[in-house]
Each structure stands twice: as structure tokens, then as C-alpha cells.
Amino acid sequence: MTEWEKMLSGQLYNPGDPDLFRLHRRAGVLCHRYNAASPEDEQALQQLCQALLGSMGNEVWLEPPIFFDYGKNTFLGDSFYANTGLVILDCARVTIGNHVMFGPRVQIYTASHPLHPQLRNQGLEYAKPVTIGDNVWIGGGSILLPGVTIGENTVVGAGSVVTRDIPPNVIAVGNPCRVLRPITQEDLGEFLPKN
């Protein structure tokens, strides 16, 4: 297996592999170009996103600056918005559904390191995928750790550290992130017209 194949399959891999370095450098160049582009040049920004990402739906907008390890392992649905400072370490697949919003400085980490120092000191890493369902809102400054899934319609409060899966249709907050309560029809109430 190549180091790329090991990385994507969740096995230990060498991040210093020349092919991985080349792909990482490519992503760095595309991120740099995106971050340096004029906000008025929407066509150039969209083309850079298409070149960087594995795939993206319609109405995708990433406020600069952005950073991706590889980019090509990130798959975005329709109507995705990320506020400034997005970091995605996509050594494994990152799948983001439709109608998803990120606050500023959201970070997604798929990469991790062995707990035992003997393996860690060899420079080996492994990665686990991250999945985010449709209609999710991730609050600013939140960090999603390797291997987590966030269910559809869920809200993750600002500054949360998501260490395990979060179910659908809930509000979850904290470090570590825990379910606070379900989202209910009453949450719609404050925005309904008063009689």
C-alpha cells in the first residue's frame, strides 16, 4: 500500500512521504492563492475551491483565511458557509452535508498520533474520518476531533470540543461537548409573529 492508501484506510502512515508532501504542498499553494485573492473576485475564489476540494455543492462560501492539509479529502454539500479562519486537517475523509454553517475559527482534525511514545517518536500518524449531517450549525471556535459524526439538524455551541459522536436534532455544548437538550418546536417560537 502507498502511504496515501494507508492514511485513507486509518492505518499508521508516514506523513513525511514524498507523495504526501507533494499533495500537502499543492493544498498549501491553493490555500495561499485563495487567501490572497480579492473578495470581489468570486469566480476566482470558486475556481480555487473547486481545484482544492474533493467536491463541493452549489452556494459554497469560505471566508478567508482557510487552511486544508490536502483539500481533496473534503466533500462539501450545497449551501455551505464557513466564517473566517477555517482549518480542516483532512488526512481522512471529511464529509459535510447540505445547509451547514460554521462560525469563525472552526477546526476539524482527522489526523491523530499514537498514544505510545515509541510509535509517536517514529513520526507515524493515523487518521479517522469526520462526518457532519445536513442542517448543522457549528459555533465559532469549535474543534471536532478525529472520527466524530454530528447528526443532522444539530447545533454545536461556540467553543465546544467534540470528542465523540453527537446525535441528530440536539443542542450540544462544552469541553468535552455534551448534549444539552433536544431542539424543539418551542425554539421556533421566539421568531414567530406575536398576535
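Biologist: Is Phe102 buried or exposed?

Modeller: This is a predicted model: local features need pLDDT of at least 70, side-chain atom pairs count only at pLDDT 80 or more, and totals for chains, interfaces and linings use all residues. Residues are numbered from 1 along each chain as its sequence is written, and side-chain values use heavy atoms, with hydrogens and water left out. Buried means under 20% relative accessible area, exposed over 50%, partly exposed in between, with a 1.4 Å probe and protein chains only. Phe102 has 2% relative accessibility, so Phe102 is buried.

Biologist: How many aromatic pairs does a search of the whole structure find?

Modeller: Rings of Phe, Tyr and Trp (its six-membered ring) pair if their centres lie within 6.5 Å; planes under 30 degrees apart count as stacked, over 60 as edge-to-face and the rest as tilted. With that rule, the search of the whole structure gives 2.

Biologist: How many residues apart in sequence are the parts that Trp4 and Tyr70 tie together?

Modeller: Trp4 and Tyr70 are an edge-to-face pair, 5.6 Å centre to centre with 80 degrees between the planes. Helices (H or I, at least four residues) and strands (E, at least two) are DSSP runs, numbered from the N terminus. Trp4 is in helix H1 and Tyr70 in the loop between E3 and E4, so the pair ties together parts whose separation in sequence is 66 residues.

Biologist: Which kind of aromatic pair do Phe80 and Phe102 form?

Modeller: Their ring centres are 5.0 Å apart, and the planes make 85 degrees, which is edge-to-face. The pair links distant parts of the chain, 22 residues apart: Phe80 is in strand E5 and Phe102 in strand E8 (residues 100-102). Phe80, at 1% relative accessibility, is buried. The kind of pair, again, is edge-to-face.

Biologist: Which residue has its charged end over the ring of Trp4?

Modeller: A charge sits over a ring if NZ of Lys or CZ of Arg is within 6 Å of the ring centre and within 35 degrees of the ring normal. Arg93 lies over the face of Phe75, 3.7 Å from the ring centre. Over Trp4, at 5.7 Å from the ring centre, sits the charged end of Lys72.

Biologist: Which residue does Glu3 meet in a salt bridge?

Modeller: A salt bridge is a side-chain nitrogen of Lys or Arg within 4 Å of a carboxyl oxygen of Asp or Glu, and the count is 2. Both partners lie in helix H1 (residues 3-8), 3 residues apart, about one turn of the helix. Glu3 is buried at 16% relative accessibility. Its salt bridge, 3.0 Å from N to O, is with Lys6.

Biologist: What is the distance between the closest N and O atoms of Arg181 and Asp187?

Modeller: Arg181 is partly exposed, at 33% relative accessibility. Asp187 is partly exposed too, with 25%. The two form a salt bridge, and the closest N and O atoms are apart by 2.8 Å.

Biologist: Which residues of helix H3 are exposed?

Modeller: In H3 (residues 42-52), Leu45, Leu48, Cys49 and Leu52 are buried. They fall within an arc of 100 degrees seen down the axis, so they line one face of the helix; the arc is that of the directions from the helix axis to the C-beta atoms. On the other side, the exposed residues are Gln43 and Gln50.
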